[in-house]
Amino acid sequence: MKPGKLTISRWRYLLVVTVLATLPVAGLWHIAQLQVMPDVDKGYEFLQGQGMARTLRTESIPAYRGVITDRRGEPLAVSTPVVTLWANPQLVNVESPALKELAKTLAISHGELKQRLIRYAGKEFMYLERQLTPEQAEEALRLEIPGIYGQGEYKRFYPAGEVTSQLVGFTNIDDHGQEGMELAYDEWLTGVPGAKQVLKDLKGRVIKELGLLRSEKAGENLALSIDLRLQYTAYRELKEAVNKFQAASGSVVLLDARTGEVLAMANQPSFNPNDRGQLNSDALRNRAVTDLVEPGSTMKPLTLLAALESGKYVPETVIDTNPGYIRVGRKTFYDHRNYGVIDLTTLLMKSSQVGTTKIALDLEPEHIREMFARVGIGESPGTGFPGETPGSLPDHRRWRPVERANFAFGHGLSASALQIAQAYAVLANNGIKKPVTLLKTETVPEGVPVVDAELVAKLRTMMTSVTGSGGTATRAAIPAYEVAGKTGTVHKVGKNGYEKNRYVGMFAGMVPADNPRLVAVVVINDPKGGKYFGGEVAAPVFGNVVADALRMLKVPPQIKASEQVTSVVGKKSGGAT
């Protein structure tokens, strides 16, 4: 061996060559394990699964909520597609210049958006903005900010706005019913969401839809009984009356006497369900169903019906109301003037307290109470509307004379406008009680007879005097139709009993009187400005609403317009009660 020359032993040389030759083979073997062999620990199936777990996602497919329509198919509540923006704060760079553009799109300050992202920095989810229009969402997503995503949803829209707001109700931001029919039939209207598998990139964008796991199922549609044309009329006339008389609130109920369907149900004050930014909770109530009033003199026809049923009275029976007042116990009941000796028809026409009191003291109090109960006073109408009230119908073990008198003309009990309408529908249906409904019906319910048809027919004839010349509700008269009805005026009940100068004015009636098609009840609560009688504040609303309804429903006239002249002569004179 020459000096300075390095020599390597043969075995060492072979070892190095062997190792160098083995390394590529080992690398290829490992690659094969990872990408080819399925049953090796952490092989290709494992790695593929890990990769898919980071990019494969199951997304929910929102389900369409059922449409609410009126009886003619006009939409009252529909769902429109919207997009909700959300973020994963852990993936969002709060220093990104694109955040300024995003903040501008969302109409918030850049500082506020940045602070919100910092506040939720430890979370993987936060809402940025709910229910944007697709155009607004697209503008935001076009910025392609990592960690910002969009999710399709539906938002409820109410085409009729405040006209049907208390009846239809509304949903919350998650599309669940909160008020009205939206709440009552939430399960029926709510659909079942679907699901799909998608492949996403690192920015959360959908690369490919891999397959449908479950189809979404839309909610069932709901057809209400109301006719939107009549609803608009009722709403317009009621709002005008409430404003004119500076009333605190009001309600109108219009029923189809044959089917028990509610054709219109309007309330004041109202609200716009499409813009609830400054919602007043007092406007949410469907007062026609939930609020109670003392029905007052609107119960007098039922008291007279009990009198006719007793066999002691007929329409021609005379009552001596002299001297125009009557004392019962410590209380004195007055008529507006001394009507002298009058028959039952005149008693109803003039709404005589004295005559009604004498009849009440002559009848068994349970007979009158039973009559009220038979027509639905004191029990829920059964529409299923949230907050529907049963009212109250007291049953005293011992009736004092003053209680008997008050009860006979509608004091000491309470009912909703819908309950009063249901009671009058019994009179319109010749003594047959039918269920009232807020849903469109395909068949006419048979109902249950609760009063003799012949007696009811006589009573309706007597009730036409109320809207005729000299009656208390000439403003409710409708040319070419006979209207049977009754006014009611009661003092409001306060903390310390009846309030002296606060009233509720009402009118309840049916038309055409000989074969009623429509029943309507109008309640004007706490009118001001000196006019408060039911014949002054409620009767005109009835006349205008029902006249339009008769025209729209093409109900043929019963009498010639010339024969109606005497009925409308006193239309400007107003009513007494």
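How many of the seven residues of strand β4 (residues 126-132) are buried? I looked this up in a predicted model. I found that five of the seven are buried, so β4 is largely enclosed by the rest of the structure.

**Pairing of β4.** I next examined the contact of β4 with strand β3 (residues 75-87): the two run antiparallel and are joined by four bridges. Within this pair, I noted Val 83 opposite Leu 132 of β4.

**Five-stranded sheet.** I then traced an open sheet of five strands, in the order β10-β9-β19-β18-β17, and recorded its pairing as antiparallel. Its edges are β10 (262-268) and β17 (484-494); each has a single partner strand, so one side of each is left without a neighbour in the sheet. I noted an average twist of 10 degrees from one strand to the next.

Inside this sheet I checked strand β9 (residues 249-256) against strand β19 (residues 518-525): eight bridges join them, and they run antiparallel. Ser 251 has Val 523 in β19 as its bridge partner. I also looked for a helix on this sheet and found α19 (residues 539-552) packed there, touching β9, β18 (497-511) and β19. The direction of α19 makes about 150 degrees with that of β19.

I located Val 19 in helix α1 (residues 10-35).

Methods:
Residues are numbered from 1 along each chain as its sequence is written. This is a predicted model: local features need pLDDT of at least 70, side-chain atom pairs count only at pLDDT 80 or more; totals for chains, interfaces and linings use all residues. Side-chain values use heavy atoms; hydrogens and water are left out. Buried means under 20% relative accessible area, exposed over 50%, partly exposed in between (1.4 Å probe, protein chains only). Two strands pair if DSSP finds at least two bridges between them. Axes are lines fitted to C-alpha atoms, for helices over the stretch in contact, and angles run from 0 to 180 degrees between N-to-C directions. Contact means heavy atoms within 4.5 Å.
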